[in-house]
Amino acid sequence: MKQIALCILSFQTLYGAQGAPNGLNITAIVMFTLFVGVTLLITKYAATHTKNANDFYVAGGSIGGFKNGLAIAGDYMSAASFLGISALVYSAGFDGLIYAIGFLAGWPLILFLIAERLRNLGRYTFADVTAYRLSQKPIRILSAFGSIATVLLYLIAQMVGSGKLIEVLFGLPYEAAVILVGTLMIIYVGFGGMIATTWVQIIKAVLLLGGATIMVIAVLWHLDFSLTTLFDQAVAIHPKHETILGPGGLIDDPVSALSLGVALVFGTAGLPHILMRFFTVPDAKEARKSVLYATGFIGYFYLLTFIIGFGAIVLVMDSPLYLDAKGSLIGGENMAAIHLSHAVGGDMFLGFICAVAFATILAVVSGLTLAGASAIGHDLYGYVFNNQKEEAKQMVASKIAAIALGIIAIVLGIMFEKQNIAFVVGLAFAIAASANFPVLLLSMYWRGLTTRGAVIGGSMGLVSAIALVVVGPIVWVEILHHPQPLFEYKYPALFSVSIAFIFIWLFSITDRSAQASKDRKAFDASQLQALVGEHSMPLKEKSQ
Amino acid sequence: MHLPPHILQLIAYKHKIQIRLTLATLILYFGFIFMVAYYPDLFAQKITPKYNISWGIAIAFVLIVAFCTLTALYVYLANTRFDTITKALCEHANKEKA
């Protein structure tokens, strides 16, 4: 008993978030200082190489397929994937795989339908593509709003998550942690633009994939490299025993299952920080390569998180070192992977994984901030409030927007500290799936899409996604304390995406305005560009 | 812009591949979700009594590999066949300009 108490006391800084730093935390602090130092140097390099808007928004279009694939993976795999999915596997087993499959399934779709055409038709933001052959201002407003809504929601989740994580791992007070993350992301994006953001994401991807791989090898080494031993012991130790091998209570009913599925698979193709990564490559062929690599990295990563979750069941669940007085994990359920890193690799590896978790957050929030700043500077300032403002001025607007977004993110992160924000990422995906994806897909492939149809249908998708979540069980009942929800399902996507497509279709086919005929004619003209892109085009002119 | 039939055929072929691969992905994915929602007990069954690996886990692993394979397949087809479409279109566009 006394020995256990001594052990728990010596980990107090990490697990109690109070007290002075001791030897345990030094590794983590050293590693994250190193990471921050390297990224700030990179930002300095990026700043000197960011000479114009092309550099700022898309790194001059010079990122190759493999590097971009790593950056995409780094942009997409958030702390929620790493910690959240392994925590879900830890507590419920198979249910974690449902999310993992959902997060992966959107990527083949992006490759088949989106990546190449997006690169051929657009320059800096996906609104370039949605507005390509439609009327600029209304479409830009819609797409920019869809982007900003998705970005802000996602940012809230990231800031609150990062604040709590850093509070537990490094002993910093919550507000300081949020301010630190916000400040760093302002610096990366405001000064280093896409070049800095890309490198932060690449470094994070390498660290995360490397760290998770080492963790899995260590877990398997503990179990004589036998997967069967892993599953046998997990089933034996976990309180739910064999039921963890099958679906648990995550999905209550078929409609929720379908709705969540729709949000994940189509939402991925509507996330602005992901879509913007396709403009950083030289041409469609490299865009296609980047998705191939990204999908491979992401798929591999989810296999790892699954094994990490089970590894945590075997090596962490039973060990009093990681449990508090009530028998639950110290620091909360999301700490399963963190505790596992200590169980297999001691203090040094724990420090490394803590730094990796921190890097993971920075990479994602940087991507989000740049996407939001691009929507504000390029779409809203450049096209909506002005008539195609010079790019140099757009860049300035975006830099200012990056600072503003950073400050807003810090404020929101502090405001939402105690709130239940788990539904927020789901809502972000739902908006991406209902407002961004339908308009993007149809503008690239359907001749009949008109400005009016896109604006009305897309807005209805956006509004219905938000409204259905507000009157659904999570917000209406749990947060606003009404007795019954007005909309009974937790996930709105099935309905909001359907609403979007139906109304886009309806208001497009009934559109007899002059703008509508312009829209349809412009589609024909855009198809060559969509298939070929600007780089492959004037071969004859190049040789002159 | 009028495109000659052989180019239109190539484009139609590309669209056909895109649609088929998309449908394959969606069927695999929503099929998986459908099974989870309606037949969770099937997924919970072990593949053999001796090992603690369920059909669900096995299928999920296979599905992850399948998604990656489909992306590789598309890239292969694109590199070998679709890029000829792009070239043909460019040549046609240049001829039209001349």
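1. Gln18(B) is buried in this predicted model, with a relative accessibility of 5%. The cut-off for buried is under 20%, so Gln18(B) falls within that class. The residue sits in helix 1 of chain B, which covers residues 5–38.

2. The surroundings of Gln18(B) involve both chains. Setting aside neighbours within four places in sequence, Gln18(B) is in contact with Phe112(A), Leu113(A) and Tyr445(A), and also with Tyr74(B). With Tyr445(A) there is a polar contact, side chain to side chain, at 3.2 Å.

3. In chain A, helix 9 (residues 136–170) and helix 15 (residues 336–384) have axes that come within 9 Å and cross at roughly 155°. Helix 9 of chain A is therefore roughly antiparallel to helix 15 of chain A, as angles over 145 degrees are counted that way. The crossing of helix 9 of chain A past helix 15 of chain A is left-handed. Where these two helices of chain A meet, the contact residues comprise 26 nonpolar, 7 polar and 3 charged.

4. Phe225(A) deserves a look at its backbone: phi is positive, about 55°, although the residue is not a glycine. Phe225(A) belongs to the loop between helix 10 (174–222) and helix 11 (227–237) of chain A. Its relative accessible area is 52%, so Phe225(A) counts as exposed.

5. His481(A) is also not a glycine, and has a positive phi of about 65°. The loop that holds His481(A) runs between helix 19 (473–479) and helix 20 (493–509) of chain A. With a relative accessible area of 65%, His481(A) is exposed.

Definitions and conventions. Residues numbered from 1 in each chain as written. Chains lettered and ligands numbered in written order. Predicted model: local features only at pLDDT ≥ 70, side-chain atom pairs only at ≥ 80, totals over all residues. Heavy atoms only, no water. Axes fitted to C-alpha atoms, helices over the stretch in contact; angles between N-to-C directions. Helix = DSSP H or I, 4+ residues; strand = E, 2+ residues; numbered from the N terminus. Parallel < 35°, antiparallel > 145°, perpendicular 65-115°, else oblique. Left-handed = near helix turned anticlockwise from the far one by under 90°. Nonpolar A, V, L, I, M, F, W, Y, C, P; charged D, E, K, R; others polar. Buried < 20%, exposed > 50% of the residue type's maximum accessible area, 1.4 Å probe, protein only. Polar contact = N/O pair within 3.5 Å; in protein donor to acceptor, adjacent residues only side chain to side chain. Contact = heavy atoms within 4.5 Å.
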